[in-house]
Amino acid sequence: VAPGQAYELYGEATVRLLDMALDVGFDCASFLGGMNNSYLHRTLEGRRQQMRPTQPVDVAMQRRAMGLVLRLLRPWKEGLFPSAEKLQFLVEGSALDGEMTAVDLPRIVSEFTQYMIDEVVSSKRLLLVHRQE
């Protein structure tokens, strides 16, 4: 937030950053047990190509995605939250409306973590991973 702007923008920016991190986490989770779908074209002679149009996501890519998910599950360590001295400025609401409150970071972290874990260890996701083994 730029100098001179309202503190409420700081809280909004922090919550928005966490929402974006959650989207990235969901994108990464989709690689776990995921499949690559691609269009195949016949050769000039009319023969089919040797590769299959649907293939599992490479194991190394799945491991990398899981590594990113695990990093996102530690938002404090990864710098997704303001430093301790700036937490006092982390507010939401509007001073004009007289409804300024502190952003409830423990609740947000709990929900964020639960959403990520639910996505990664859902029965559907685990079945997809199991089918690839």
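The model is predicted; local features need pLDDT of at least 70, side-chain atom pairs count only at pLDDT 80 or more, and totals for chains, interfaces and linings use all residues. Residues are numbered from 1 along each chain as its sequence is written, and side-chain values use heavy atoms, with hydrogens and water left out.

Start with α1. Helix α1 covers residues 7-29, 23 residues in all. Helices (H or I, at least four residues) and strands (E, at least two) are DSSP runs, numbered from the N terminus. From first C-alpha to last, α1 reaches 34 Å, close to the 33 Å expected at 1.5 Å a residue. That expected span is 1.5 Å times one less than the number of residues.

Which residues of α1 are buried? They are E8, Y10, G11, T14, L18, A21, L22, G25, C28 and A29. Buried means under 20% relative accessible area, exposed means over 50%, and partly exposed lies in between (1.4 Å probe, protein chains only). The cover over these buried residues includes α2 (59-72), β3 (91-92), α3 (105-120) and α4 (123-132).

Now take the helix pairs. Two packed helices are described by the angle between their axes and the distance between the axes. Axes here are lines fitted to C-alpha atoms, for helices over the stretch in contact, and angles run from 0 to 180 degrees between N-to-C directions.

α1 and α2 pack at about 150 degrees, with axes 8 Å apart. α1 is therefore roughly antiparallel to α2. The angle classes are roughly parallel under 35 degrees, roughly antiparallel over 145, roughly perpendicular from 65 to 115, and oblique for the rest. α1 passes α2 in a left-handed crossing. A crossing is left-handed if the near helix is turned anticlockwise from the far one by less than a right angle, and right-handed if clockwise.

From α1, residues A21, V24, G25, C28 and A29 meet A65, L68, V69 and L72 of α2. Contact means heavy atoms within 4.5 Å. By class, the residues of this α1 contact with α2 are eight nonpolar, one polar and no charged. Ala, Val, Leu, Ile, Met, Phe, Trp, Tyr, Cys and Pro count as nonpolar; Asp, Glu, Lys and Arg as charged; the others, Gly among them, as polar.

The α3 pairing comes next. The axes of α1 and α3 come within 9 Å and cross at roughly 10 degrees. So α1 is roughly parallel to α3. α1 brings V15, L18, A21, L22, G25, F26 and A29 to the contact, and α3 brings I108, F112, Y115, M116, E119 and V120. The contact of α1 with α3 has 11 nonpolar, one polar and one charged residues.

Next, the single residues. G33 lies in the loop between α1 and β1 (35-37). Is G33 buried or exposed? G33 counts as buried because its relative accessibility is 3%. Leaving out residues up to four places away in sequence, G33 touches Q62, L128, V129 and Q132. G33 and P56 are 23 residues apart along the chain, and their C-alpha atoms are separated by 7.2 Å.

L73 sits in the loop between α2 and β3. L73 is partly exposed, at a relative accessible area of 23%. Not counting residues up to four places away in sequence, L73 touches T113, M116 and I117.

Finish at D104 and L105. D104 is in the loop between β4 (101-102) and α3, and is partly exposed, at 35% relative accessible area. L105 belongs to helix α3. L105 counts as buried, at 5% relative accessibility. Neighbours within four places in sequence aside, L105 is in contact with W76, F81, L87 and L90.
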